[in-house]
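Subject: A two-chain model for you to explore

Hi,

Here is the structure I promised to pass on. Please open it beside this email and follow along as you read.

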Amino acid sequence: MSATAEHADHHGPIAWPKDPQYGLATPGKIAMWIFLCSDAFSFAGLLLAYGILRGGAKVWPPDPSLGEPHLGINFTAGLTFLLICSSVTMVLAHAAAVEGNRKKTATFLALTILGGILFLFGQYQEYFGIWSHGLTHEGLVFGASHYANTFYVTTSFHGMHVFSGVLYLTVILVRTLMGKYDHGKHDHIEIVGLFWHFVDLVWILVFTFIYLL
Amino acid sequence: MAQEKKGEAAKAEKSHDDKEEAPVSAKESHSEESHAEKSHAADDKAHPAGHDDHGDHEHKPNRKEYYVIFVALLVLTILEVGVAQVPGISKPLMRLSLVGMALAKAGLVAMFYMHLKHETKIMRLTVAIPLATPMLYAVILISEAAWRLIR
């Protein structure tokens, strides 16, 4: 088991030459930031559509006769708290990786994954209900109104990001356990962290715009 | 001779300013290279991120800072949930404070957890400028939609 660490291609940190504009940021990190910008535009499109439809609606939820439920703030605040916690475990995983502590890195990555999975369960509960009625049973029908459509499309698009983030984190966790990020090669862990924090950041905005306002 | 001494003293003083910690003797300021390295290490301890050379060297994660940000995010979330449910609060005031708090939270995550504050200025602008445009567009379109409603 310990021999696997010795099979790493390089020993010691990879030293990128310092770029006059981007400093020591690795190409992978810059690429992730550019991807995150483009991903942010997708969310911006969804939130813009929501804002325009809501701004132009006389009442919101639009049609009182549909009997659509209001969104549960307290439960979703719990989900927000969960994602914030998983962001903390993510930065702690990176901190452990910088210190070369493989076991601690793996533990915190696993906790981050757990946070993501719990969030997905929470979202499932909110939509379809596990221990109580979900929104779909309470009359929030996809396709029935702007209110229902913008809600489902935006939150499920975010849920897909949490899901892909969980998969991405799992790959990084396995590679961590294989010893791929020993010897100071921890930039992949920072990059997966960027994606995960972005998912958290977007949820902070979605929570405010869709649930609280 | 006297002038040389003076110059040396000034040099020592300057290097002392750089370090802000651990007294430096005039002798040490001669070994420029090792000194530069040492002062970086001292800087990192004293100010984990308070200086200008962003992106110049790898930053050691600062756990205490992470916990402080966590508490700030938690407090802001509780405040948000509170503000959203205050009975009889004026709508514009509520919306303004909620959006302000959400942007503050997003900014904290980006700067501290995503380490943007350790990146170079160009890197930060690469991220910030594209993201500012949809916000501007949102303000225009949403206020237009709302204005058409009250007209």
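Accessible areas here come from the Shrake-Rupley method with a 1.4 Å probe, and for residues only the protein chains shown count as cover.

Before going further, a word on how to read the names and values. This is a predicted model, in which local features need pLDDT of at least 70 and side-chain atom pairs count only at pLDDT 80 or more, while totals for chains, interfaces and linings use all residues. Residues are numbered from 1 along each chain as its sequence is written, chains are lettered from A and ligands numbered from 1 in the order in which they are written, and side-chain values use heavy atoms, with hydrogens and water left out.

**The two chains**

Chain A has five helices and zero strands, so that its pattern along the sequence reads α-α-α-α-α, where helices (H or I, at least four residues) and strands (E, at least two) are DSSP runs numbered from the N terminus. Its C-alpha atoms fill a box of roughly 65 × 45 × 20 Å along the principal axes. Of the 213 residues in chain A, 52% are buried; buried means under 20% relative accessible area, exposed means over 50%, and partly exposed is in between (1.4 Å probe, protein chains only).

Chain B also has five helices and zero strands. Buried residues make up 34% of its 151 residues. The accessible surface of chain B comes to about 9700 Å², with 66% belonging to carbon and sulfur atoms.

Contacts tell you how each chain folds back on itself; a contact means heavy atoms within 4.5 Å. In chain A, 75% of the contacts with a separation of 6 or more are between residues 24 or more positions apart. In chain B, among contacts between residues at least 6 apart in sequence, 44% join residues at least 24 apart.

**The core**

Which residues touch the most other members of the largest nonpolar core? They are F151(A), Y113(B) and M114(B), in a core of 83 residues. A nonpolar core is a set of buried Ala, Val, Leu, Ile, Met, Phe, Trp, Tyr and Cys residues joined through side-chain atoms within 4.5 Å. At least two residues of this core come from each of α1 (27-55), α2 (73-98), α3 (102-128), α4 (146-177) and α5 (187-212) of chain A, and likewise from each of α3 (63-84), α4 (91-113) and α5 (121-150) of chain B. With 18 residues, α5(A) gives the most. As background, nonpolar side chains tend to be buried together in soluble globular proteins.

**Where the chains meet**

The contact between the chains takes 53 residues from chain A and 47 residues from chain B. About 4300 Å² is buried between chain A and chain B, and carbon and sulfur atoms give 76% of it. Buried area is the accessible area (1.4 Å probe) that two parts lose on being put together, summed over both. Y22(A), W33(A) and L48(A) supply 14% of the area that chain A buries against chain B, more than any other three residues.

- P61(A) sits in the loop between α1 and α2 of chain A, and the peptide bond to it from W60(A) is cis, with omega near 0 degrees.
- H115(B) is in the loop between α4 and α5 of chain B. It has a positive phi of about 60 degrees although it is not a glycine, and it is buried, with a relative accessible area of 8%.
- S156(A) belongs to helix α4 of chain A and is partly exposed, at 28% relative accessible area. Leaving out residues up to four places away in sequence, S156(A) touches Q123(A) and Y127(A).
- L79(B), in helix α3 of chain B, is partly exposed at 44%.
- V139(B) lies in helix α5 of chain B and counts as exposed at 57% relative accessibility.

Enjoy looking around, and write back with any questions!

Best wishes
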